Amino acid sequence: MAQAFTPGLKVTKETIVKKRRILPLKGDVLVEKGDRVKYDQVIAKTELPGNIKPLNVANKLGIAPEEVKHVMNKGEGDKIKKGEEIALYKSFFGLFKNVVKSPIDGTIDNISDVTGQVLLREPPIPIEVKAYVDGKIIEVVEEEGAVIESVGTFIQGIFGLSGERNGEIIIVTDSPEDELTADLIKQEHKGKILIGGSIVKMKAIKKAQKVGVNGIVVGGIDDQDVKDLLGKDIGVAITGHEEIGFTLMVTEGFGQMRMAQQTFDLFKENEGQWASINGATQIRAGVMRPEVIIPKDKDSSEVDKKSISSQGLEIGDPIRIIREPNFGSIGSIEKMIPELTELESGSKTRVFEVKLENGEKTIVPRANVEKIET
Amino acid sequence: MAEEKDLKTIVATDCGSTTTKAILVEKQGDEYRLIKRGEAPTTVEAPYEDVTKGVLNAIDELEDLTGKKFINDEEGTLLKERKSEKEGMDLYVSTSSAGGGLQMMVAGVVKSMTAESAQKAALGAGAIVMDVIATNDGRMPYERIEIIRNLRPDMILLAGGIDGGTTKHIAELAEIISAANPRPRLGIGYKLPLIFAGNKDARDIVKDTNDGKMALEIVDNIRPTLEEENLGPASDKIHELFMEHVMQQAPGYPKLMEWADAPIMPTPGAVGAMMQTVSNEKDITIVGVDIGGATTDVFSVFELENEEGEYEKKFHRTVSANLGMSYSISNVFAESGMENVMRWVPINMEEKELRNIVKNKMIRPTTLPKTLKSLIFEQGIAREALRLAFEHHKTLAVGLKGVQQQRTISDVFDQKESGQSLVDLMKLDMIIGSGGVLSHAPRRNQSAYMMIDAFLPEGITTLTVDSIFMMPQLGVLSQVHKKAATEVFERDCLIYLGTCIAPRGNEKSYGRKAMEIEIEHPRDKEELLDKATENSPYFHISENMTGKIIKHTVNYGEIFRVPLKREETATIRVKPTKKFDLGDGYGKKMEFKVKGGTTGLIFDARGRAPFNLPEDKETRLKKLIEWAKAMNAYPLDRLNENK
């Protein structure tokens, strides 16, 4: 039987997570293979060339562009200080002097005799890559970064906003059904990762921003709130760089969606633990889903390997329905129907008979089912 | 050459951004026929991150359906040697469009001239244009540098200056780009491509300024003189780099190349190859569309008079990288606006609910609409995706030989639409629809209906769809085994939906006469309306039919549909009123013969050029239901049951 199903999101109590941490351009790697690292430890750093300030020297001195090279006191690559004289033009046998002073500290990047423009570069901007998760360095990528291996609880979401953050896991709703309302967010939640239930709305989001919460994990969110939060509509699902003050991870989808019990329970088990969260989502080539990692002080050799490989769907497997009707419902595969079956929409497709948590049985297209990976 | 070879078993796959489709073609007697088709989700997502897994899964389904063996299960590879009737294959070919969009920045000297041309070239090549930099864009140089650095495009197109003109401004732009030295979003060892398509005298300056920082490609000036626009070379170069770039991002691609017996073709390239073959063999003008999950490609073949006064066929292809039905669905919604989508949907739905439906499809792109309501809504979005992609195509399918478009200074001041689009809907003979939402619509009538609404054909137009969406596979197969590809295409691929007969023009209000029609049908009333009951969509015809002749007045705002099978031919006489033109002029009578299809003859008197939907919501909903009924598009009774 073909394994024609949508790969599920991982919700795993214990697994091995590998993170490739790479600089955007070459630099120095500060760790060695076998090192144990903390989430906030810098493992590689480099310097990004500084910003450019163009200065039209030809215009300032009232000379032709090709003359600029001859009046410069500094050459390409030379260091300059703010206020330093970088060009000097004498006319009438030295009677009149015109000077150009550097507006910044930095270096001369380029002198153009076509445009008469001199490009000044500000000092380099240091860039650091932190470990992001607690773990062990298992590979060093020369001049670029390293691969960190971490053993822990790993929970993927379906959609997220903003990038990497860390914090303590706090459960704020009583059940996975409840809304994460503003009144549940307290001052002491500053820097924490809050786990809610089925939805978070704008009022609560505003409160979270005000308090300085580091992360929010909920079942669903209204797209209208996402639009209002970002000030624009998301065209294609590529996120991770939103500056919203906290990281958001949605576990089920858009709208009010009860968080899967298993996901909620797993968070509950880890209440008070330190976690890493990343909202970056990319649903295209090289798919990336948002995640929460709760590292454990364990070695990868102690992990049961069986829990890592992903199998096809079989009868009895727990699944989640990922499209209306019954969107978000959890159930199990009761029957695999090989013949094409007509749906209400008139489409004919291969389907499963699914037993929902309330005991009700329903027909669901295979494409609308997602395996719950454990 | 492979064509000489007597191949028995051929497997071809198309790795789309959402689904991987495999077809099995076998030689039966003297001819090649499609045997089975299998599909599986494309596996670029975790946990697989390997496109070949989806290929194996799709071929695995072929095994299930035929009881034959094509996969070496132990090694997870293909059985590339045909051992028996039941094991192995002679040939394996594949196309791929897994990857996604291309994000570009363009730069030109004058915003409304070279920068605009550069933008058109980039859009024409299917890119998302993130920003347009121009010397007169009102920004400070350091701001431009910052924008380039922050946006991190996949590619930059630099244009500017006419050939032989001043080079100073280009030098300035080149300096800015060089100073920004943007980093690619993906891959450290990869140099960002910079395409220079400006004043040829500035090539050396650009080369020197770039100084090896970016991968510089030089093509012909997109604006060689002030009156001339030549987008072709820049567009082609972008296309070329886009394919290379996107392909390389799809995990597992190197392994797929190893398996295939012919170079992997990008899906749009393969579909385009097939469209051109159809146009040449049938000697017709064509608009083809392939609507995928992430991108929509539009193809057209129209005739253009050359300098000798002879007509020659011109092929155009555009890729709208951000219009699609799954990954890009949210972008279609954002680009066309909710009102434009909802004008096609005959049901009341709330904005909040709709937004969530669209976003949920975006994050779970492989799901199918189970309810009728979500199917209707999705097909509404499809109309908009098709319409926008077609609009995009029309602006780029223009021009004369060697020069894509003529634009004079006065055009610029007049703000006139520059250049004449080659797409003439009145001269269009055939529309070919392809892609999941058209090929897999539960009813073929839905595909016909969607294409009419999106493309608004005028005059007499044949509507077809790729039956099970295998044009990509046949396109790549045609490169190595033309006989197999054309035989399967003729017999198993193209489905004739019927003919759309739509006069150009409008009336003041709905209900006024638009045209009188007379159809000489091959069947008489009894045969045609054999089982027609009061609820049948054809019941209304019985009132207008005597013997084999159907006479009817089609009023403005109506769709009138008559069944006519693929193998049947009917003679049609149409007398439009003075307000309408069917191709021979306003009010001019026409007589012609047409063949049928699964949907039959569609007389569409809803008006053209422009096509307007009622502004009043209640009237619109009523009309949409009426048209859906005339098209027999949906089991609308199911909708009522749900209410």
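## A walk through two chains

B:Lys483 is found in helix 17 (residues 482-493) of chain B. Helices (H or I, at least four residues) and strands (E, at least two) are DSSP runs, numbered from the N terminus. The structure is a predicted model, in which local features need pLDDT of at least 70 and side-chain atom pairs count only at pLDDT 80 or more, while totals for chains, interfaces and linings use all residues. Residues are numbered from 1 along each chain as its sequence is written, and chains are lettered from A and ligands numbered from 1 in the order in which they are written.

B:Lys483 has 15 other C-beta atoms within 10 Å, so it is partly exposed. Along the chain, B:Lys483 and B:Glu31 are 452 residues apart, yet their C-alpha atoms are separated by 8.6 Å.

B:Pro268 gives a second case of this kind. It lies in helix 8 (residues 267-282) of chain B and counts as buried because it has 25 C-beta neighbours inside 10 Å. B:Gly475 is 207 residues away from B:Pro268 in sequence, but the C-alpha to C-alpha distance is 9.3 Å. Two residues are in contact if their C-beta atoms, placed from the backbone, lie within 7 Å. Apart from neighbours within four places in sequence, the contacts of B:Pro268 are B:Ser97, B:Asp290, B:Asp297, B:Arg317 and B:Val319.

Chain B as a whole can be summarised in a few numbers. Its secondary structure comes to 21 helices and 29 strands. Of its 643 residues, 55% are buried. Among the contacts in chain B with a separation of 6 or more, 73% are between residues 24 or more positions apart.

Two helices of chain B show how helices can meet. The axes of helix 12 (residues 372-396) and helix 15 (residues 444-455) of chain B come within 8 Å and cross at roughly 45°. Axes are lines fitted to C-alpha atoms, for helices over the stretch in contact, and angles run from 0 to 180 degrees between N-to-C directions. Angles under 35 degrees count as roughly parallel, over 145 as roughly antiparallel, 65 to 115 as roughly perpendicular and the rest as oblique. Helix 12 and helix 15 of chain B are therefore oblique to each other. Their crossing is right-handed (the near helix is turned clockwise from the far one by less than a right angle). On the helix 12 side, the residues that meet helix 15 of chain B include B:Gln379, B:Ala382 and B:Leu386; on the helix 15 side, those that meet helix 12 include B:Met450 and B:Phe455.

Now to chain A. In its helix 3 (residues 202-211), A:Ala204, A:Ile205 and A:Ala208 are buried. They lie on the same side of helix 3 of chain A because they cover an arc of only 105° around the axis, the arc being that of the directions from the helix axis to the C-beta atoms. An α-helix has 3.6 residues a turn, so residues three or four places apart point the same way. Among the elements of chain A that cover these buried residues are strand 19 (215-221) and helix 4 (223-230). Just after helix 3 of chain A, A:Gly212 takes a positive phi of about 95°.

Chain A also has an open sheet of 4 strands, in the order 5-10-9-6, with antiparallel pairing. Two strands pair if DSSP finds at least two bridges between them. Strand 5 (52-56) and strand 6 (79-80) of chain A are the edge strands, each pairing on one side only. Helix 4 (residues 168-180) of chain B packs on this sheet and touches strand 5, strand 9 and strand 10 of chain A. The direction of that helix makes about 10° with the direction of strand 10 of chain A.

Some backbone details remain. A cis peptide bond joins A:Glu324 and A:Pro325, with omega about -5°. Another cis peptide bond joins B:Ala609 and B:Pro610, with omega about 0°. B:Ala609 lies in the loop between strand 29 and helix 20 of chain B, and its phi is near 50°, a positive value in a residue other than glycine. B:Asp283, in the loop between helix 8 and strand 14 (286-291) of chain B, has a positive phi of about 55° although it is not a glycine. B:Asp283 has 8 other C-beta atoms within 10 Å, so it is exposed.

Key:
A residue is buried if 20 or more other C-beta atoms lie within 10 Å of its own, exposed if 12 or fewer, and partly exposed in between; C-beta atoms are placed from the backbone.
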